[in-house]
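Here is a short briefing to read alongside the structure.

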Amino acid sequence: MGIAALNYVGGLLLDIGIPYNFMYWQEKPPDDYYFVGEYIEMPSATLEENGRLDSTFILRGFTRKSWFHLEQAKEKIEKHCSRTAILSDGTGIAVSYNSAVVVPTGDNELKSIKINLDVKEWKVNG
């Protein structure tokens with residue numbers, strides 16, 4: 001994923017009120033719940049031909065409070081993360097909700113969910 005795409009996804013999450021940081025929180029995370037993100041790029045046999053790069057953006061949500069916080073966040077992400085845009089660097093982007101799974105943490109008080117977003121980027125001339 002390009003930097004413009006990472007910034008777009010991060011801005012989208014903040015715009016809908018999801019407490020989010022890329023990879024980890026540098027300061028103390030919010031008390032209710034928070035998310036961190038990372039990505040996996042998929043190999044593309046046609047990248048040179050059509051400029052498309054496919055990625056999965058993985059959001060990990062955490063709370064020590066009720067599961068309800070994570071489920072509400074998941075619903076908000078699912079509802080609002082189906083977007084397309086042309087970014088400032090000319091990249092076309094499409095972001096869509098893919099799936100979610102509850103993730104065991106080994107800590108009875110810490111709850112976690114993993115949400116996968118599909119991200120498709122189209123870069124022109126470069």
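The salt-bridge count comes to six in this predicted model. Side chains of opposite charge can pair when their charged atoms come close.

**Salt bridges**

- Aspartate 32 and lysine 65 meet through their side chains in a salt bridge, at 3.5 Å from N to O. Aspartate 32 sits in the loop between E1 and E2, and lysine 65 in the loop between E3 and H3, so this pair ties together parts that are 33 residues apart in sequence.
- How accessible are these two partners? Aspartate 32 counts as partly exposed, because its relative accessibility is 36%; lysine 65, with a relative accessible area of 40%, is partly exposed.
- Another salt bridge joins the side chains of arginine 64 and aspartate 107, with 3.0 Å from N to O. This pair links distant parts of the chain: arginine 64 is in the loop between E3 and H3, while aspartate 107 is in the loop between E5 and E6, 43 residues apart.
- Arginine 64 has 48% relative accessibility and so counts as partly exposed. Aspartate 107 is partly exposed, with a relative accessible area of 29%.
- Salt bridges that share partners also join Arg52, Asp54 and Lys120 into one network.
- Is aspartate 54 buried or exposed? Aspartate 54 counts as buried, because its relative accessibility is 19% and the cut-off for buried is under 20%.

- In what order do the six strands of the open sheet lie? The order is E1-E2-E3-E6-E5-E4, and the pairing is mixed.
- Strand E1 (20-22) and E4 are the edge strands, each pairing on one side only. From one strand to the next, the twist averages 25°.
- E5 and strand E6 (residues 111-122) run antiparallel and are joined by 10 bridges. Tyrosine 97 stands opposite leucine 117 in E6.
- Strand E4 (residues 83-86) also pairs with strand E5 (residues 92-102) in the antiparallel sense, over four bridges. For two residues the bridge partners in E5 can be named: arginine 83 has valine 95, and threonine 84 has alanine 94.
- The hairpin of E4 and E5 has five residues between the strands, and glycine 90 takes a positive phi near 90° there.

**Helices against the sheet**

- Helix H1 (residues 3-15) lies across E1, strand E2 (34-41), strand E3 (52-63), E4, E5 and E6, and runs at about 60° to E5.
- Helix H3 (residues 67-80) packs on the sheet, where H3 touches E2, E3, E4, E5 and E6. The direction of H3 makes about 15° with that of E6.

**Aromatic rings**

- How many aromatic pairs does a search of the whole structure find? The search finds five.
- One of the aromatic pairs is tyrosine 33 with phenylalanine 35, which is edge-to-face: 6.2 Å centre to centre, with 85° between the planes. Tyrosine 33 and phenylalanine 35 are both buried.
- Trp25, Tyr34 and Phe62 are linked into a cluster by ring pairs.

Notes: Residues numbered from 1 in each chain as written. Predicted model: local features only at pLDDT ≥ 70, side-chain atom pairs only at ≥ 80, totals over all residues. Heavy atoms only, no water. Pairing = 2+ DSSP bridges. Phe/Tyr/Trp six-rings, centres within 6.5 Å; stacked < 30°, edge-to-face > 60°. Buried < 20%, exposed > 50% of the residue type's maximum accessible area, 1.4 Å probe, protein only. Axes fitted to C-alpha atoms, helices over the stretch in contact; angles between N-to-C directions. Contact = heavy atoms within 4.5 Å. Salt bridge = Lys/Arg side-chain N within 4 Å of Asp/Glu carboxyl O.
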